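Hi there,

Here is the structure I promised to pass on to you. Have a look at it first, and then read my notes below.

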Amino acid sequence: MVRRYIRAAVLLGAALAGGCRTDYGPADPALAARIPDDAIVVAGVRVEALAATPVGKRLAEAGWLSPQGVEARDLLVSWDGAQWLAAARTRGGEITVTGPDTAGGNPPRALFERARAVPRESHLWAVSYGAPSVPSGGRFTGIDRLINAVEDITVWADLSAGIRAEASGNCRDERNAQIVEETVRGFIGLGRAVAARRDPELARAYDAILVERNGRAVRLEAALPQDAALKLLDSFMPR
């Protein structure tokens, strides 16, 4: 009888702990508690786990990521349209905050509800809700058109065995959804054309990127095996 009660208590504790974690999707609850309630973007990086992947190791070799100098185990970054905040859990388990610390506040519920759709094993992820418009023109005209057309977005990437990634979101209306679809397809086509000059096999990696539109919703999905992922990454490395 006693054993049964103990087992029930353990299962209940595990369920409660799991539920707490689920409330914030893949985010560390202690870090999520530091995110201000007026944030419109939240992004997370499992730094230590990323550094251990083949892609992370290749980034380290190129000097883009230096695991031995990285003190954070997990990182959560937010933006409210005017200010950035970065909350990190160090390898020692401590929490550090850069920006307006809001310990004890109320994390943005709408953002973390979107984060629940992010796979827990993702190394990189981001969610936005109600992003503001950005000035048009300049060098990144395609990028600003893309951002201004989107109302909310969910992005994640799992790099444990190649690249498995997805980006999905809703646009302001169907016309803006068409703009997003056309812009993304344009970027993919440009990347494929540049890659084809170097390596036909690398160009075929772009064919693995799926883009689809349904009303106001646009979704992008990519699944690349390890060799193709590393080759694609190398194409962006300085020679």
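**Salt bridges**

Arg192 is partly exposed, because its relative accessible area is 31%. Please keep in mind as you read that this is a predicted model.

Which residue does Arg192 pair with in a salt bridge? The partner is Asp207, and the closest N and O atoms of the two are 2.8 Å apart. Arg192 belongs to helix H7, while Asp207 sits in the loop between H8 and strand E8 (209–214), so this pair ties together parts that are 15 residues apart in sequence.

The structure holds 14 salt bridges. Another one joins Arg89 to Asp28, with 2.5 Å between the closest N and O atoms. Here the pair ties together parts that are 61 residues apart in sequence, because Arg89 lies in strand E3 (residues 84–90) and Asp28 in the loop between helix H1 (2–23) and helix H2 (29–32). Both Arg89 and Asp28 are buried.

Glu221 and Arg219 also meet through their side chains in a salt bridge, at 2.4 Å from N to O. Glu221 is partly exposed, with a relative accessible area of 30%, and Arg219 is partly exposed too, at 23%. These two belong to a network of salt bridges that links Glu166, Glu212, Arg219 and Glu221.

**Nonpolar cores**

The largest nonpolar core has 18 residues, and Val180 and Val184 touch the most other members. At least two residues of this core come from each of helix H6 (141–149), helix H7 (174–198), helix H8 (200–205), strand E9 (217–224) and H9. H7 gives the largest share, five residues.

What does Val184 touch, leaving aside neighbours within four places in sequence? Val184 is in contact with Leu146, Val211 and Leu220. Apart from this core lies another, of 17 residues, among them Tyr24, Ala27, Phe112 and Val127.

**Helix H4**

As background, an α-helix has 3.6 residues a turn, so residues three or four places apart point the same way.

Just after H4 comes Gly63, with a positive phi of about 85°.

Happy exploring!

Methods: Residues are numbered from 1 along each chain as its sequence is written. This is a predicted model: local features need pLDDT of at least 70, side-chain atom pairs count only at pLDDT 80 or more; totals for chains, interfaces and linings use all residues. Side-chain values use heavy atoms; hydrogens and water are left out. Helices (H or I, at least four residues) and strands (E, at least two) are DSSP runs, numbered from the N terminus. A nonpolar core is a set of buried Ala, Val, Leu, Ile, Met, Phe, Trp, Tyr and Cys residues joined through side-chain atoms within 4.5 Å. Buried means under 20% relative accessible area, exposed over 50%, partly exposed in between (1.4 Å probe, protein chains only). Contact means heavy atoms within 4.5 Å. A salt bridge is a side-chain nitrogen of Lys or Arg within 4 Å of a carboxyl oxygen of Asp or Glu.
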